[in-house]
Amino acid sequence: KGAGPDETLICVDGETGDIKWEVPWPAVKARVMMTAGSLKGAGQPLSIVVLDETYRDVRLISHNGETGEVEWTVDQARGAGHNLDIDDIDGDGLMEVICGGICYNGDGSIRWEAEPFGHTDVSKPAHFLPDREGKQILYLVEKENPGTYLVDKDGNTIWKVPFGHAH
């Protein structure tokens, strides 16, 4: 079931409990994930990114954390995963959005798209290989081209181990 017409996204002040802003619920699908990050850099307002859908084509909506204004919207013609990651994968002080096999810059433009693979049950950016520049993204993939993938900060596959189903 999708969102109803009376649903809203609300930002609450963490110190006072006062409502800072309220906007119409941005998602229309039943599966929604959200996360916050510094897409414009340290000292700038956080962005709240909403992922609408999981398995099929998805929509990402970034809201300004101070005002609730929509900063950008992206329609992604590739499934996502069961999580939405925001992290500074290249060490430049700006966080990127990792949605399934696609990495977006803080303005919503595509940074890179990993090799084609199916639905990501898990994605996790971290310094898995500390001798390499930037972070890597570990993917556990099911459906098309299933297995475990390790992708570098530029979207290149470092290694993959194919198998039937990953969780």
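Ile 19 lies in strand β2, which covers residues 19-24; strands (E, at least two residues) and helices (H or I, at least four) are DSSP runs, numbered from the N terminus. The structure is a predicted model, in which local features need pLDDT of at least 70, side-chain atom pairs count only at pLDDT 80 or more, and totals for chains, interfaces and linings use all residues. Residues are numbered from 1 along each chain as its sequence is written, and side-chain values use heavy atoms, with hydrogens and water left out.

Ile 19 is exposed, with a relative accessible area of 52%. Exposed means over 50% relative accessible area, buried under 20%, and partly exposed in between (1.4 Å probe, protein chains only). Together with Ile 10 and Val 12, Ile 19 forms a nonpolar surface patch with about 250 Å² of accessible area. Patches consist of residues with over 30% relative accessible area and no salt bridge, nonpolar side chains (Val, Leu, Ile, Met, Phe, Trp, Tyr) being joined within 5 Å and like charges within 9 Å. Accessible areas come from the Shrake-Rupley method with a 1.4 Å probe; for residues, only the protein chains shown count as cover.

The protein chain contains 14 strands and zero helices. Its radius of gyration is 16 Å, close to the 15 Å that the globule rule gives for 167 residues, so the chain is as compact as a globular protein of that length. The radius is taken over C-alpha atoms, and the rule is 2.2 Å times the number of residues to the power 0.38. Along its principal axes, the C-alpha trace spans about 50 × 40 × 25 Å. Of the 167 residues, 48% are buried.

Four strands form an open sheet in the order β7-β8-β9-β10, with antiparallel pairing. Pairing requires that DSSP finds at least two bridges between two strands. Strand β7 pairs with β8 (residues 96-99) in the antiparallel sense over three bridges. Asp 87 stands opposite Glu 96 in β8.

Ten salt bridges are found in the whole structure, a salt bridge being a side-chain nitrogen of Lys or Arg within 4 Å of a carboxyl oxygen of Asp or Glu. Asp 90, Glu 96 and Arg 111 are linked in a network of such bridges. Within it, the side chains of Asp 90 and Arg 111 meet at 2.1 Å, N to O. This pair links distant parts of the chain, with Asp 90 in the loop between β7 and β8 and Arg 111 in strand β10, 21 residues apart. The side chains of Glu 96 and Arg 111 meet at 3.8 Å, N to O. Glu 96 lies in β8 and Arg 111 in β10, so this pair ties together parts that are 15 residues apart in sequence. Glu 96 counts as buried at 2% relative accessibility, as does Asp 90 at 19%, whereas Arg 111 is partly exposed at 29%.

A further salt bridge joins the side chains of Lys 40 and Glu 71 (2.5 Å, N to O). Lys 40 lies in the loop between β3 (32-37) and β4 (47-52) and Glu 71 in strand β6 (residues 70-76), so the pair ties together parts 31 residues apart in sequence. Lys 40 is partly exposed, with a relative accessible area of 37%, and Glu 71 is partly exposed at 27%.
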